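Welcome, and thanks for opening the viewer.

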Amino acid sequence: MRTLFGADGRKAGEARWPVRGRVLGMVVTSAGVLLAAMAGCLAPSPGVGPAQTGPVTPWPRPIPARVAPDGPDDVFVMTLGEVSTPLANATYDPQQDRLVRADGTTIERYYADTLGVPFFTPVDKSVFAVPPSGWCSWYYYYQEITPAEVLANAKWIARHLKPFGARYVQIDDGWQGVGHGMGENRDWTTIDARFRELGMDGLAAEIRKLGLEAGLWLAPHGQSNEEVARSSNAFLWKPDGTSASSTWEGTYLVDASVPQGLDYLGDLFRRLRGWGYTYFKIDGQPIVLDEYVTKAEHLAGSLHADKEPATRSPLIYRESLRAVRGAIGPESYLLGCWGIPLAGVGIMNGSRTGGDVVPGYAGFIVAANAIQRWNFLHNIAWYCDPDVFMVRPPLTEGLARAWVTAQGLTGQALLTSDRLPDLPPSRIEMLRRIYPAVDIRPLDLFNPGDSLKPLWDLKVAHLGRTYDVVGVFNFTDREHAVRHVCWAALGLDPEQKYHVYDFWQGTYLGAWDHGVFVEVPPSDVRVLTLVPAADQPVLISTSRHITQGWVDLESLESDSADGRAILRGTSRVIAGDPYVVTIGLPPGEPAQSVSARVEPCSAVKYCTLAHHGCATLSLRSDETRDVKWELRFRPEPAYQFPAEGPGSVSVAATGLGSAEITWQTPYLEHVAFRVSVDDRVLGYAFHPRAVLAALRPGASYRVNVEAVWYDGSSVADKGGQVEYAHEAKERVYLADVRPEVIEQDWGALRTDHSVDGNRLSVGGQAFERGLGTHANSRLVYGVHGGFRRFAALVGLDDEAKPGAPVRACFEVWGDGRKLWESGPVATGEPARPVSVDISGVERLELRVRSLEEIIDYLHADWLDARVLMSESELPAQP
């Protein structure tokens with residue numbers, strides 16, 4: 001027998017299941033020896049004070065914006081603070097929902113209409129100034145969670161992560177009902193036997209005693225308990241008395257068109273809130289919206305009955321959310337889940353924006369796609385939640401580092417889902433460097449599509465500092481990648497020298513102009529901090545948080561006395577956490593010795609070290625406190641090594657317009673290699689590899705590589721030089737080329753297969769080569785003016801078998817101009833030939849758009865898609 005819960009949540013139904021370490025502190029060269037000694041083994045942080053999230057800028061206010069760039073774009077851009085950048089080509093006013101482009105063009109209702117957020121209102125930051133940070137039980141325990149395990153993780157968080165900003169402990173599926181999910185355990189009036197003794201209210205009380213907040217998962221619009229559904233008069237029924245809706249959400253669905261449905265939701269959440277929970281993750285929300293459309297005939301109430309089902313559904317749904325919000329109050333966090341329930345904007349604090357992740361590479365890619373694709377909503381319409389992140393082994397160090405970096409640089413909701421007491425020290429260190437989520441907002445106010453960009457650029461303005469923190473990603477899982485971090489592409493002055501600092505490695509890389517080339521292992525990331533060099537010492541980095549100063553640096557000023565530069569600051573230092581301040585010295589000038597003063601001197605251990613081009617101050621305090629520090633610099637003779645030129649240089653084509661440069665590393669000491677093409681500096685490489693892009697097929701280039709010292713001031717007498725003619729193939733199949741942009745409304749682009757992964761087949765004929773996509777889609781290829789013709793066959797794949805034919809239109813675009821369109825193409829029709837003149841075209845776009853109200857079954861194929869150097873080859877015939 002099932003037993004309904006009481007007010008304390010202590011009664012339960014039947015029991016079903018048995019209860020079943022170098023990385024401490026950011027190390028800068030030899031300072032690492034000191035820090036390791038200071039840190040010792042992992043220990044709890046004693047005497048902790050309140051965690052800081054850093055400043056929160058005024059909101060709502062007009063903000064800089066970048067709308068979709070016209071040319072190739074590998075950069076995904078965020079801002080923190082009052083940032084100004086030439087990458088911004090518009091200003092957005094969230095109060096008016098108005099975007100004004102740099103040319104004066106005004107777009108009203110930009111989010112509501114252009115971006116498709118019909119109920120847009122600026123996110124309310126009055127209670128939740130930043131997104132939540134904490135822990136979720138699901139992706140380790142799934143439905144096997146127990147109160148003991150919840151508290152084991154909560155106690156660990158209180159001891160090791162609370163000082164760094166972790167606040168929430170969210171209990172996922174498994175606390176409720178009977179059964180194992182998929183609709184059968186959606187009884188929120190029954191508590192699982194494992195939670196009987198302590199009770200759900202007792203569990204929340206234990207979490208609150210630790211100074212943390214308790215959260216719950218549920219799918220509240222569903223029910224699996226027939227007694228509850230029938231007695232409440234709050235659910236959808238058919239005329240014959242059976243359930244009108246049985247889905248993943250539950251066997252029965254709340255009818256929010258009747259007062260009883262809204263009362264049911266209000267009573268449910270008042271009870272949960274009364275137990276002491278202040279964070280609610282409500283799942284399956286798009287199901288609810290869809291069911292209110294498809295089951296509209298069974299809605300028993302008159303609420304918004306004058307509207308068509310597609311219009312009525314979101315209005316009724318919003319009434320259900322208002323009932324929930326009224327019960328939990330504004331001080332509780334409400335998170336939508338499953339898909340992107342945009343109808344919840346203005347009522348929900350945040351929402352999941354991606355599918356479920358898994359602990360591994362595939363899960364990371366799902367999360368990264370969700371972060372990038374929906375970031376335009378984050379901290380503007382609501383707080384985005386790309387699902388949890390995980391760092392536990394057997395994830396590699398690199399994959400764990402990439403995952404936390406993707407979260408940390410975007411500021412989206414930050415919940416880990418590991419068994420935290422099991423984590424090794426290196427993974428704990430990663431967590432501590434990204435907690436808490438801070439007030440990061442997108443610059444890119446557009447949907448960038450599904451092609452993951454390799455450069456994630458966080459632009460920061462704080463205490464007079466302007467700097468970039470750039471995540472340089474390798475999203476592949478097999479091969480090393482060389483990335484060109486180009487100053488101009490980041491909106492930086494290419495002639496300006498920037499101090500370059502590797503945050504995760506704790507390594508100063510020098511001061512360089514134009515850009516750098518970075519080698520990244522598979523499924524890994526390098527995080528580079530770029531700070532303009534000056535004729536005086538400048539602060540480059542602090543080790544507390546990936547934003548490098550935002551959450552910990554409270555004051556900063558520069559001065560001089562007796563011919564010595566002075567830098568003063570105040571930092572919030574967490575008890576027991578090694579804290580490093582890294583200073584960039586003026587490039588091309590004498591070296592600097594450094595001395596320090598720290599207050600309170602007697603309670604803080606510290607030391608300073610000077611290096612080539614930088615200096616460090618290392619601090620450790622036994623209590624969380626504000627530490628005042630002052631650094632004084634004195635010029636000293638600089639050492640420079642006469643760098644030796646590299647060995648032979650070679651260049652090999654890697655794509656339509658790309659090539660890789662390699663060279664022999666010199667035997668003698670060097671710091672970097674300056675890479676130039678036709679006397680134009682591209683940047684500096686730290687390994688003997690660099691990449692070239694935007695090459696024209698058949699064109700020749702003069703490539704030069706020179707060895708340099710830390711700031712480029714000591715150039716070898718002789719560099720390595722080679723003349724390179726970029727290979728011009730007569731025919732290139734696009735299945736062999738990585739698109740610059742992939743936008744696709746369903747599924748993922750497949751090469752030489754359909755979108756479902758099957759053999760390409762149109763009109764009953766099979767094809768070996770081609771691109772399998774889905775309407776609506778847009779694929780962009782850089783062809784760099786080197787080809788004369790695009791040829792292909794187009795059609796809708798035979799794997800899609802709708803009850804009646806559906807139609808799409810195929811289009812070919814070049815440099816923003818439509819060159820060809822197919823007209824309506826229906827399922828079951830034979831493939832149609834395409835032959836388009838693309839002479840002089842730099843960027844080739846292949847588009848497919850639906851000619852139906854929905855996109856179902858529109859599996860679109862570009863068959864034998866290829867670019868040609870001459871007119872000699874006619875398009876293949878079906």
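In which sense do strand S33 and S36 pair, and over how many bridges? Select residues 659–663 for S33: the pairing with S36 is antiparallel and runs over four bridges. Strands (E, at least two residues) and helices (H or I, at least four residues) are DSSP runs, numbered from the N terminus, and two strands pair if DSSP finds at least two bridges between them.

Before moving on, two notes on what you are looking at. This is a predicted model, where local features need pLDDT of at least 70 and side-chain atom pairs count only at pLDDT 80 or more, while totals for chains, interfaces and linings use all residues. Residues are numbered from 1 along each chain as its sequence is written, and side-chain values use heavy atoms, leaving out hydrogens and water.

**Colour by confidence**

The protein's mean is 90, and 92% of its residues reach 70 or more. Now select residues 1–50, where pLDDT stays under 50.

**Back to the sheet**

Zoom in on Thr662, whose bridge partner in S36 is Arg689.

**A four-strand sheet**

Next, show S24-S27-S30-S29, the order of four strands in another open, antiparallel sheet. Strand S24 (538–542) and strand S29 (604–610) are at the edges with a single partner strand each, so one side of each has no neighbour in the sheet. The twist here averages 20 degrees from one strand to the next. S24 pairs with S27 (residues 579–584) over four bridges, and Leu539 stands opposite Ile583 in S27.

**Helix H10**

Select residues 361–373. Buried residues (under 20% relative accessible area, with exposed over 50% and partly exposed in between; 1.4 Å probe, protein chains only) in H10 include Phe364, Ile365 and Ile371. The buried residues of this helix pack against S2 (75–80), H11 (397–408), S17 (455–462), S18 (465–474) and S40 (741–744).

**Helix H5**

Move to residues 200–209, where the buried residues of H5 include Met200, Leu203 and Ile207. Among the partners they pack against are H4 (147–160) and S8 (213–218). Just after H5, click Gly211 to find a positive phi of about 80 degrees.

**Into the core**

Which residues have the most contacts inside the largest nonpolar core? They are Tyr111, Trp175 and Trp456, in a core of 153 residues. Such a core is a set of buried Ala, Val, Leu, Ile, Met, Phe, Trp, Tyr and Cys residues joined through side-chain atoms within 4.5 Å. Helix H9 (residues 309–328) gives this core its largest share, seven residues. A second, separate core has 35 residues, including Tyr781 and Phe790.

**Last stop: Arg101**

Arg101 lies in strand S4 (residues 98–101) and is partly exposed, at 33% relative accessible area. Leaving aside residues up to four places away in sequence, Arg101 touches (heavy atoms within 4.5 Å) Val67, Asn89, Ala90 and Ile107. Arg101 and Ala90 are eleven residues apart in sequence, and 4.0 Å apart in space, C-alpha to C-alpha.

Key:
pLDDT is the predictor's confidence in each residue, from 0 to 100. Axes are lines fitted to C-alpha atoms, for helices over the stretch in contact, and angles run from 0 to 180 degrees between N-to-C directions.
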